[in-house]
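Here's a quick look at some charged side chains and who they pair up with. Have the sequence and the 3D view open as you read.

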Amino acid sequence: MPSPLPRPHADAPIRRLTRGDLVPCADLCEDRGWPRDEHRWGLLLSAGTGYGIDDPEGKGLMATCVVTSYGPGLAAVGMLLVAERYARQGIARRLMRHVIEVSGESSLSLYATEAGRPLYEELGFETAGRAERLSGHFQPPATASGERAAAASAVTVRPATAEDLHAMLRLDAEVFGADRTHVLARLPAFADHLRVAEDHGEFAGYAAAWPSDGVHAIGPLIAREASTAAALIGSLAEATDRPLRVDIDARHQGLLERLKECGLRSGSGTTVMTYRAAEPPGDWSRRFAPLTVATG
């Protein structure tokens, strides 16, 4: 039986990515049929640590992955991509093993597609939940039930100001379970629209909408309950003519049903997976949608 052909890229060095890699990162997304999303790459490479492998043929990047750390004990993994011409050759596995090694003892979390989930399971990640993607033009219902109208009337949603950042950070740390100041401080410049919700002067939630491939993606979405989350989404929808896209924690069935009533359609789902932790920290009941979902 003939020996397998050597893989000249097997020992290609893994290096740190910089903002100078924005275009090659976007090219790699396009190669895999994903939106280029240079805007999102700019945020991720500023707030997180990108790792990449250069294409030995000089055609940009062979593979990428981004790790966003939230203190010494928690990190989120995203944007694991391998060029189509190098797919199914163990490159993603090698890059993820590197990420696990450099993360030390930190717990890791990610959103896995169906195609990527077997690899993460092989590496020791465990399923912690699901997220359901909804997209489309948001259309408020013509009439609302008395219960919903009463809930909505207690909440005021308005554009965020610089004075809201402290309250956002305080609520986010409580709900997310870690300090995300280095990410959220970039949110006003990253998002096209940023909204906050208040109930009789009490801070009740916030949400952002940012541009992605002709839509406005919503996230993060943090709120005290589903009716507040729905009010935030409705306010963001009023601010744009673009379709919306949002990845909702599948445990929030009430909000999912309400958004479908408003015209959003169910699409692909992802699996929330963790490493060195049973589930992500914080309070899932007030965490409705992440900032970005992109793992692979």
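## Arg-15 and its partner

Let's start with Arg-15, which counts as partly exposed because its relative accessibility is 27%. Keep in mind that this is a predicted model. Asp-54 forms a salt bridge with Arg-15, and their closest N and O atoms sit 2.9 Å apart. Since Asp-54 belongs to strand 2 (residues 49-54) and Arg-15 to strand 1, the pair ties together parts that are 39 residues apart in sequence. Asp-54 is partly exposed too, at 35% relative accessibility.

## Asp-21, tucked into a loop

Asp-21 lies in the loop between strand 1 (14-16) and helix 1 (22-31). Is Asp-21 buried or exposed? With a relative accessible area of 8%, Asp-21 is buried.

Its side chain reaches the backbone nitrogen of Thr-18 at 2.8 Å. Leaving aside residues up to four places away in sequence, Asp-21 touches Arg-15 and Arg-16.

In total, the structure holds 24 salt bridges. One of them joins Glu-132 and Lys-260, at 3.0 Å from N to O. That pair links distant parts of the chain: Glu-132 is in strand 6 (residues 126-136) and Lys-260 is in helix 10 (residues 253-261), 128 residues apart. Glu-132 is buried, at 16% relative accessible area, while Lys-260 counts as partly exposed at 38%.

Salt bridges with shared partners also join Asp-27, Glu-30, Arg-36 and Glu-38 into one network. Within it, Arg-36 pairs with Glu-38, with the closest N and O atoms 3.3 Å apart. Arg-36 is partly exposed at 25% relative accessibility, and Glu-38 is partly exposed at 35%.

Note on methods:
Residues are numbered from 1 along each chain as its sequence is written. This is a predicted model: local features need pLDDT of at least 70, side-chain atom pairs count only at pLDDT 80 or more; totals for chains, interfaces and linings use all residues. Side-chain values use heavy atoms; hydrogens and water are left out. Helices (H or I, at least four residues) and strands (E, at least two) are DSSP runs, numbered from the N terminus. Buried means under 20% relative accessible area, exposed over 50%, partly exposed in between (1.4 Å probe, protein chains only). A polar contact is a pair of N or O atoms within 3.5 Å; within protein, one must be able to donate a hydrogen and the other to accept it, and residues adjacent in sequence count only if both atoms are side-chain atoms. Contact means heavy atoms within 4.5 Å. A salt bridge is a side-chain nitrogen of Lys or Arg within 4 Å of a carboxyl oxygen of Asp or Glu.
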